[in-house]
Amino acid sequence: MRLTFPAMEKSEGAGRQSIDEYADDVIAFMKELKIRSAVFVGISMGSAIALTLALKYPKQVLGLGLLGSGSKMRVAPTLLEMAGSPNTFESAVSMINENCFGAETPKNLLELSKRTMLEIRPPVLLGDLLACNEFDVTSQLELIKVPTLIICGAEDKMTPSKFSESLHVGIVNSKLHILDKTGHMVMLEQPETVANLLKLFIDGIPLKVRKPRKKRIIPDGTTEPAPQTESAPPVEPATPKPEEAAPEKKSTDVEIVLM
């Protein structure tokens, strides 16, 4: 599923002022839908939110897909100043858009991206840029243990590939793919390649299985028997007909949240 944050695109509400607040929004969203855990895939600020989730709410994270990412995301002071003024907001959007794509990006994709970005309210864009500017989890990367896929473009000017390489070094259970002739918006510039890499990655993530319930002591001092587990004598199941056999459970059955 794809998650749209408050004030993003056509969503109502106010934008957040920190990456931590956005991460809290994700957890609230999961609780509302009764989702216990998920694989989180995010690009740019979305990847910062994914990293924060892995550090702040590790039990809810099965894996991470980090696109155009970094352990810190400093924003140029000039861009912050331009984004904060109504008179220079469109120029700020143009600057961001021009640096988001590789040299071979079709013109129509560049124009579509700019039109979409101009729909963001100026205070929301400024708040997001400030949130990114304050984000820095460099010293905590070693705490992230979940499977992690890192994808970046060789021509990325927003978060150059050296930032993804640092993530790969810092996160022990990670894989890195640098895509040639591609900028920051990897999923738009190389949609099939990114989709295939994500599918292979997610298919390899093991499912979490709930542990069997422990024995409970009841008032008379006896112990309530625990539910039958794998260590109990196996019950011979009825052999299903070939066409009725249950499909094998795969990791693709887990929830995937795109940000």
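**Entry 1: the sheet**

How many bridges link strand S1 and S7, and in which sense do they pair? I looked this up in a predicted model. S1, residues 38–43, pairs with S7 in the parallel sense over four bridges. Val39 stands opposite Ile256 in S7.

Next I traced the whole sheet. It is open and has five strands, in the order S4-S3-S2-S1-S7. The pairing is parallel. I noted S4 (174–179) and S7 (255–258) at the edges. Each has a single partner strand, so one side of each is left without a neighbour in the sheet. On average it is 15°, direction ignored.

**Entry 2: helices on the sheet**

Which strands does H2 touch? I found H2 packed on the sheet, touching S1 and S2. Its direction makes about 155° with that of S2. Helix H9, residues 191–203, packs on the sheet as well. H9 touches S1, S2, S3 (148–153), S4 and S7. The direction of H9 makes about 170° with that of S3.

**Entry 3: helix H2**

I stayed with H2 and checked its span. Its twelve residues should span 16 Å at 1.5 Å a residue. The end C-alpha atoms are 16 Å apart, which agrees.

Is H2 largely enclosed or largely open? Buried here means under 20% relative accessible area. Ten of the twelve residues of H2 are buried, so the helix is largely enclosed by the rest of the structure. I listed some of the buried ones, among them Met45, Gly46, Ser47 and Thr52. The buried residues pack against helix H1 (19–32), S1, S2, helix H6 (122–134) and helix H7 (161–170).

**Entry 4: the core**

I turned to the largest nonpolar core, which has 63 residues. Phe40, Ile49, Leu51, Leu53 and Leu64 touch the most other members. H2, residues 45–56, gives the most to this core, with seven residues.

Beyond four places in sequence, Leu51 touches residues including Leu64, Leu66, Phe135, Val137, Ile144 and Ile171.

**Entry 5: Ser71**

Where does Ser71 sit? I found Ser71 in the loop between strand S2 (61–67) and helix H3 (77–83). Its relative accessibility is 7%, so Ser71 counts as buried. Beyond four places in sequence, the contacts of Ser71 are Phe135, Asp136, Val137, Thr138, Leu141 and Leu167. With Thr138 I noted a polar contact between side chains, at 2.8 Å.

Conventions
Residues numbered from 1 in each chain as written. Predicted model: local features only at pLDDT ≥ 70, side-chain atom pairs only at ≥ 80, totals over all residues. Heavy atoms only, no water. Helix = DSSP H or I, 4+ residues; strand = E, 2+ residues; numbered from the N terminus. Buried < 20%, exposed > 50% of the residue type's maximum accessible area, 1.4 Å probe, protein only. Polar contact = N/O pair within 3.5 Å; in protein donor to acceptor, adjacent residues only side chain to side chain. Contact = heavy atoms within 4.5 Å. Core = buried A, V, L, I, M, F, W, Y, C linked by side-chain atoms within 4.5 Å. Pairing = 2+ DSSP bridges. Axes fitted to C-alpha atoms, helices over the stretch in contact; angles between N-to-C directions. Expected span 1.5 Å × (residues − 1).
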